[in-house]
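Take a look at the chain shown below.

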Amino acid sequence: GALTPLRLWGKAVELLEEALKLRPVNPEGLYLLGFALMHVCGWGKLATVLPKLQSAVENRLNTSKPAGVEPYATLTFPWHPTMLLRVARWHSQQAQRLVQLTRPLPLPRFGSQAEGGRR
């Protein structure tokens with residue numbers, strides 16, 4: 001992932017393929033590999049990565065774990081809309097949970113009220 005901002009796509013493919021030998025069902029790694037392969041036009045390899053990625057994401061979603069890929073990123077893959085919706089829903093539920101856990105911010109006080117005075 002660190003090579004992605006540098007646009008070193010070929011090197012990223014090389015390193016991600018090595019890393020995935022250690023954890024072959026890692027959705028984050030598979031996503032980054034797929035993204036890098038698109039940039040080097042590695043369509044043959046991409047055709048083998050995408051089914052593995054989808055399976056890894058499905059497994060994660062079925063066990064209520066993080067999907068491993070952001071909803072916007074799934075739009076670049078030829079996945080069924082139901083799968084895109086599942087990923088988006090998972091992220092939406094996590095965002096909703098964070099909002100529920102967050103305390104509301106205090107209302108700002110302006111003018112003399114902020115200084116303790118009255119008008």
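## A cluster of rings

Ring pairs join Trp9, Tyr31, Phe35, Phe77 and Trp79 into a cluster. The model is a predicted one. In total, the count of aromatic pairs comes to four.

Start with Tyr31 and Phe77. Their ring centres are 6.0 Å apart and their planes stand at 80 degrees, so this pair is edge-to-face; planes over 60 degrees apart count that way. Tyr31 sits in helix α2, while Phe77 sits in the loop between α4 (71–74) and α5 (81–101), so the pair ties together parts that lie 46 residues apart in sequence. Tyr31 and Phe77 are both buried. Phe77 also pairs with Trp79. Here the centres are 5.2 Å apart, and the planes make 35 degrees, which is a tilted arrangement. Both Phe77 and Trp79 are buried.

## The whole chain

What elements does the protein chain hold? There are five helices and zero strands. Read from the N terminus, the order is α-α-α-α-α.

The protein chain has 119 residues, and 32% of them count as buried.

## Helix α1 against helix α2

Helix α1 covers residues 9–22, and helix α2 covers residues 27–39. They pack at an angle of about 150 degrees. Their axes are 9 Å apart. Angles over 145 degrees count as roughly antiparallel, and α1 and α2 are therefore roughly antiparallel to each other. The crossing of α1 past α2 is left-handed.

Which residues meet here? From α1 come Trp9, Ala12, Val13, Leu16, Glu17 and Leu20. From α2 come Gly29, Leu30, Leu32, Leu33, Phe35, Ala36, Leu37 and His39. Sorted by class, this contact has eleven nonpolar, two polar and one charged residues. Trp9 and Phe35 are also members of the ring cluster.

## Helix α2 against helix α3

Helix α2 packs with α3 as well. The angle is about 155 degrees, and the axes are 9 Å apart. That makes α2 and α3 roughly antiparallel. Again the crossing is named by its hand: α2 passes α3 in a left-handed crossing.

On the α2 side, the contact uses Pro27, Glu28, Leu30, Tyr31, Leu33, Gly34, Leu37 and Met38. On the α3 side, it uses Trp43, Lys45, Leu46, Val49, Lys52, Leu53, Ala56, Val57 and Arg60. By class, the contact of α2 with α3 divides into twelve nonpolar, one polar and four charged residues. Tyr31 takes part in this contact, and Tyr31 belongs to the ring cluster too. Leu30 of α2 meets α1 residues and is also listed in the contact with α3.

## Two positive phi angles

Where does Cys41 lie? Cys41 is in the loop between α2 and α3 (43–62). Cys41 is not a glycine, yet its phi is positive, at about 55 degrees.

Ser64 is another such residue. Its phi is near 60 degrees, a positive value in a residue other than glycine. Ser64 is found in the loop between α3 and α4. Is Ser64 buried or exposed? Its relative accessibility is 61%, so Ser64 counts as exposed. The cut-off for exposed is over 50%.

Terms used
Residues are numbered from 1 along each chain as its sequence is written. This is a predicted model: local features need pLDDT of at least 70, side-chain atom pairs count only at pLDDT 80 or more; totals for chains, interfaces and linings use all residues. Side-chain values use heavy atoms; hydrogens and water are left out. Axes are lines fitted to C-alpha atoms, for helices over the stretch in contact, and angles run from 0 to 180 degrees between N-to-C directions. Helices (H or I, at least four residues) and strands (E, at least two) are DSSP runs, numbered from the N terminus. Angles under 35 degrees count as roughly parallel, over 145 as roughly antiparallel, 65 to 115 as roughly perpendicular and the rest as oblique. A crossing is left-handed if the near helix is turned anticlockwise from the far one by less than a right angle, and right-handed if clockwise. Contact means heavy atoms within 4.5 Å. Ala, Val, Leu, Ile, Met, Phe, Trp, Tyr, Cys and Pro count as nonpolar, Asp, Glu, Lys and Arg as charged, and the others, Gly among them, as polar. Rings of Phe, Tyr and Trp (its six-membered ring) pair if their centres lie within 6.5 Å; planes under 30 degrees apart count as stacked, over 60 as edge-to-face and the rest as tilted. Buried means under 20% relative accessible area, exposed over 50%, partly exposed in between (1.4 Å probe, protein chains only).
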